[in-house]
Amino acid sequence: MTVLSFNLLPPWMMAISVGAHLLAGFTLGLLYFRGLWWNAQQLAAGGHLITTTALWFGRFAVLAGLLALTSSEGALPLLATALGVLIARPLVMRRVREAAL
């Protein structure tokens with residue numbers, strides 16, 4: 001049984017909910033991969049290993065926590081959130097690549 005009965009929503013509300021999950025995943029993906037780039041820069045520049053490791057664990061915990069929370073709503077919201085994260089990755093990588101040149 002799910003915490004939020006996603007399957008009981010009317011179709012129009014289900015579409016809004018899936019869009020919101022996609023947007024939430026996209027936003028989280030932007031923050032996650034941008035933070036990953038920042039951590040890589042800190043490690044390459046000789047930054048503090050403990051700080052960068054703590055931020056990596058924190059970033060991973062937030063991503064895992066959001067996906068776990070979303071999974072309690074069902075498969076479709078979880079897939080929409082994961083798709084949002086995956087859509088954000090190439091966008092961040094393109095900006096990082098442009099900044100590196």
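Visitor: What is the relative accessible area of G47, and how do I read it?

Guide: G47 has a relative accessible area of 28%, so G47 is partly exposed. This is a predicted model, in which local features need pLDDT of at least 70 and side-chain atom pairs count only at pLDDT 80 or more, while totals for chains, interfaces and linings use all residues. Residues are numbered from 1 along each chain as its sequence is written, and side-chain values use heavy atoms, leaving out hydrogens and water.

Visitor: Where is G47 in the chain?

Guide: G47 sits in the loop between α1 and α2. Helices here are DSSP runs (H or I, at least four residues), as strands are (E, at least two), numbered from the N terminus. From G47 to I16 the separation is 31 residues in sequence and 42 Å in space, C-alpha to C-alpha.

Visitor: And L49: buried or exposed?

Guide: L49 is exposed, because its relative accessible area is 57%. L49 belongs to helix α2. Between L49 and M14 there are 44 Å in space, C-alpha to C-alpha, for a separation of 35 residues in sequence.

Visitor: How many helices and strands does the protein have?

Guide: There are 3 helices and 0 strands, and the pattern along the sequence is α-α-α. The radius of gyration (taken over C-alpha atoms) can be held against the globule rule, 2.2 Å times the number of residues to the power 0.38. Here the radius of gyration is 16 Å, well over the 13 Å that the rule gives for 101 residues, so the protein is more spread out than a compact globule. Its C-alpha atoms fill a box of roughly 50 × 30 × 15 Å along the principal axes. Of the 101 residues, 24% count as buried.

Visitor: At what angle do α1 and α2 pack?

Guide: Two packed helices are described by the angle between their axes and the distance between the axes. The axes are lines fitted to C-alpha atoms, for helices over the stretch in contact, and angles run from 0 to 180 degrees between N-to-C directions. For α1 and α2 the angle is about 165° and the axes are 10 Å apart. That makes α1 roughly antiparallel to α2 (under 35 degrees counts as roughly parallel, over 145 as roughly antiparallel, 65 to 115 as roughly perpendicular and the rest as oblique). The crossing of α1 and α2 is left-handed; that is the name if the near helix is turned anticlockwise from the far one by less than a right angle, and right-handed is the name if clockwise.

Visitor: Which residues meet where α1 packs on α2?

Guide: Contact means heavy atoms within 4.5 Å. On the α1 side the residues include H21, L28, Y32 and W38, and on the α2 side they include T52, W56, R59 and F60. By class, the contact of α1 with α2 has 13 nonpolar, 6 polar and 1 charged residues. Ala, Val, Leu, Ile, Met, Phe, Trp, Tyr, Cys and Pro count as nonpolar, Asp, Glu, Lys and Arg as charged, and the others, Gly among them, as polar.

Visitor: What does T52 touch?

Guide: Not counting residues up to four places away in sequence, T52 touches N39, Q42 and L43. T52 is in helix α2 and is buried, with a relative accessible area of 4%.

Visitor: How do α2 and α3 cross?

Guide: Helix α2 (residues 49-71) and helix α3 (residues 75-100) have axes that come within 8 Å and cross at roughly 150°. That makes α2 roughly antiparallel to α3. Their crossing is right-handed. The contact is made by L63, L66, L67, T70 and S71 of α2 with P77, L78, T81, A82 and V85 of α3. These residues divide into 7 nonpolar, 3 polar and no charged.

Visitor: What about α1 and α3: at what angle do their axes cross?

Guide: The axes of helix α1 (residues 11-44) and α3 come within 6 Å and cross at roughly 40°. That makes α1 oblique to α3, and the crossing is right-handed. The contact of α1 with α3 has 16 nonpolar, 5 polar and 2 charged residues.

Visitor: Which residues is S17 in contact with?

Guide: Leaving aside neighbours within four places in sequence, S17 is in contact with F6 and L9. S17 is part of helix α1 and is buried, with a relative accessible area of 16%.

How values were computed:
Buried means under 20% relative accessible area, exposed over 50%, partly exposed in between (1.4 Å probe, protein chains only).
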